[in-house]
Amino acid sequence: MSVQNPLRLMNLAGKSLLANEALAISALEYLPIELFPQLFMEAFFGRHRKTLKALVQAWPFVRLPLGGLMQTPHLGTLQTVLDGLNVLLAQKDQPRRCKLQVLDLRNSGQDFWRMWSGSKIHVSSSSSMAPGAVDSLRAEKPLAPFEKLSILSFPMENIMKVLSMVRLDCIEEVHVNCTWYLPTLAMFAPLLGQISKVQRLLISHIHLPAPKEQDKQHVVKITSQFLRLHHLRDLHLESPFYLEGCLDQMLRCLMTPLDTLTITCCLLTDSDLTHLSQSPKVSQLKGLNLSGVMMTYSSPELLPALLEKVSATLQKLYLEQCGIRDSHLEFLLPALSLCIHLTSFSLRGNFLSMAMMEKMLRHTSGLPSLSGELYTAPQESFSSQGILQPSRLAQCRIELLEILKDLGRPRTIWICFTPCPHCGDNTFCQPEPIIYSNNTLT
């Protein structure tokens, strides 16, 4: 028997069910999950709206990768999917079979449909829609509510079309992960301002050309939208080079104190760090991540001032690959020892001596909740050419074990190094942790 026969039988089963939509809908309760993707594709491309709506409400997978099917979406069919979500969100008790949590609009879901249906995804190269179609649809049907929105490498034109059909004031979490130039992000910014109830915002991978004078106008257009976000609690900005020298603009526009702030892989000036440490909107931070923000040329007292500001609430602190050296930590340690609620702390990818690591361990030994500690392999573990020496690392581990034993408090630390000595890749490599527990060292 050809391996293609089961696939043809699945196609026939889907078409047979859709010939009688009432039968198809009633059969969903008992339908094997293997048939759902094939039936969904048949209903989607065949515009069987009643079945499509019912399939959304009974979807047995966590993720519905709709973007893999909608390169050329029929507006009515897309609205049917959103209507199904609307009904699902309105129900107090979720249907027994439904596991749907994420509606994925990325153009990357073709593998899912191929895997389950064995079919190739055929889409037209045209992406045009009749003028006024979106406005007409909005007038005819209520907008569908969303709780989470992810935008990853999706054309801006399609983003605008999809967002025009959903209730932006229902969205509580937004992820933007696109290789956009700054003007494109500025174009999206007014839409961000309409997502007024967003609590968690992540913006990453914005592609920037060389700095230009007119970029300042784009930055103002972006940061001013934070004035409309009265519920924002978690803010994550990856590679926000556009904020260098003007972080104060964004901080002034924040309307509520943040729980978590992530600013990574960029340059911040002394002025930026000063404004950050003085902003009342960060005084209650529980999580702070400044990984990849180079501190090498910053005034050494600026980061300690920030830590003192948040010491009463801070639980997680990540300062990975910040160019931190022993001299920086001398200033940092007193402020770090004030963070009595700290649970996780990472200094991976920095340049620390064995003597400074011992100081670090002793200063943090009085933090009662600290349970996750990640450090770089000490400088003594490397040759003068910067090559990791396994025998030296082993000796450093022994010395660190003795320090933990001397401190006498149960503790687990991780020693990491980069690049990986096995493959040379510029990634962190984590060996076994160093554990001190009940007077036993491992």
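1. A polar contact here is a pair of N or O atoms within 3.5 Å; within protein, one must be able to donate a hydrogen and the other to accept it, and residues adjacent in sequence count only if both atoms are side-chain atoms. By that rule, the side chain of Q57 reaches the backbone oxygen of K53 at 3.2 Å. The side chain of T364 likewise reaches the backbone oxygen of L361, at 3.4 Å.

2. On the basis of the values: this is a predicted model, in which local features need pLDDT of at least 70 and side-chain atom pairs count only at pLDDT 80 or more, while totals for chains, interfaces and linings use all residues. Residues are numbered from 1 along each chain as its sequence is written, and side-chain values use heavy atoms, with hydrogens and water left out.

3. Overall content. The protein has 16 helices and 16 strands; helices (H or I, at least four residues) and strands (E, at least two) are DSSP runs, numbered from the N terminus. Of its 442 residues, 48% count as buried, where buried means under 20% relative accessible area, exposed over 50% and partly exposed in between (1.4 Å probe, protein chains only). Among contacts (heavy atoms within 4.5 Å) between residues at least 6 apart in sequence, 79% join residues at least 24 apart.

4. Core. The largest nonpolar core has 127 residues, and F40, W180, F188 and L235 have the most contacts inside it. Such a core is a set of buried Ala, Val, Leu, Ile, Met, Phe, Trp, Tyr and Cys residues joined through side-chain atoms within 4.5 Å. Helix 9 (residues 182-194) supplies the largest share of this core, seven residues. Not counting residues up to four places away in sequence, F40 touches L52, L55, V56, W59, L64, L66, L69, V81 and W113.

5. Q57. This residue is in helix 4 (residues 49-57) and counts as buried because its relative accessibility is 17%. Beyond four places in sequence, Q57 touches G84, V87, L88, Q91, P95 and C98.

6. T364. Helix 15 (residues 354-364) holds T364, which is buried at 0% relative accessibility. Leaving aside neighbours within four places in sequence, T364 is in contact with L336, L370, E373, Y375 and R411.

7. Helices 13 and 14. The axes of helix 13 (residues 302-310) and helix 14 (residues 326-336) come within 8 Å and cross at roughly 5°. Helix 13 is therefore roughly parallel to helix 14. Angles under 35 degrees count as roughly parallel, over 145 as roughly antiparallel, 65 to 115 as roughly perpendicular and the rest as oblique. Axes are lines fitted to C-alpha atoms, for helices over the stretch in contact, with angles from 0 to 180 degrees between N-to-C directions. L303, P304, L307 and E308 of helix 13 meet F331, L332, A335 and L336 of helix 14.

8. E301 sits in the loop between strand 10 (287-289) and helix 13 and is partly exposed, with a relative accessible area of 43%. E301 and H328 are 27 residues apart in sequence and 8.4 Å apart in space, C-alpha to C-alpha.

9. Positive phi. Most residues other than glycine have a negative phi. S239, in the loop between strand 8 (234-238) and helix 11 (247-253), has a positive phi near 55° and is buried at 13%. Q321 has a positive phi of about 50°; Q321 is in the loop between strand 11 (316-318) and helix 14 and is partly exposed at 37% relative accessibility.
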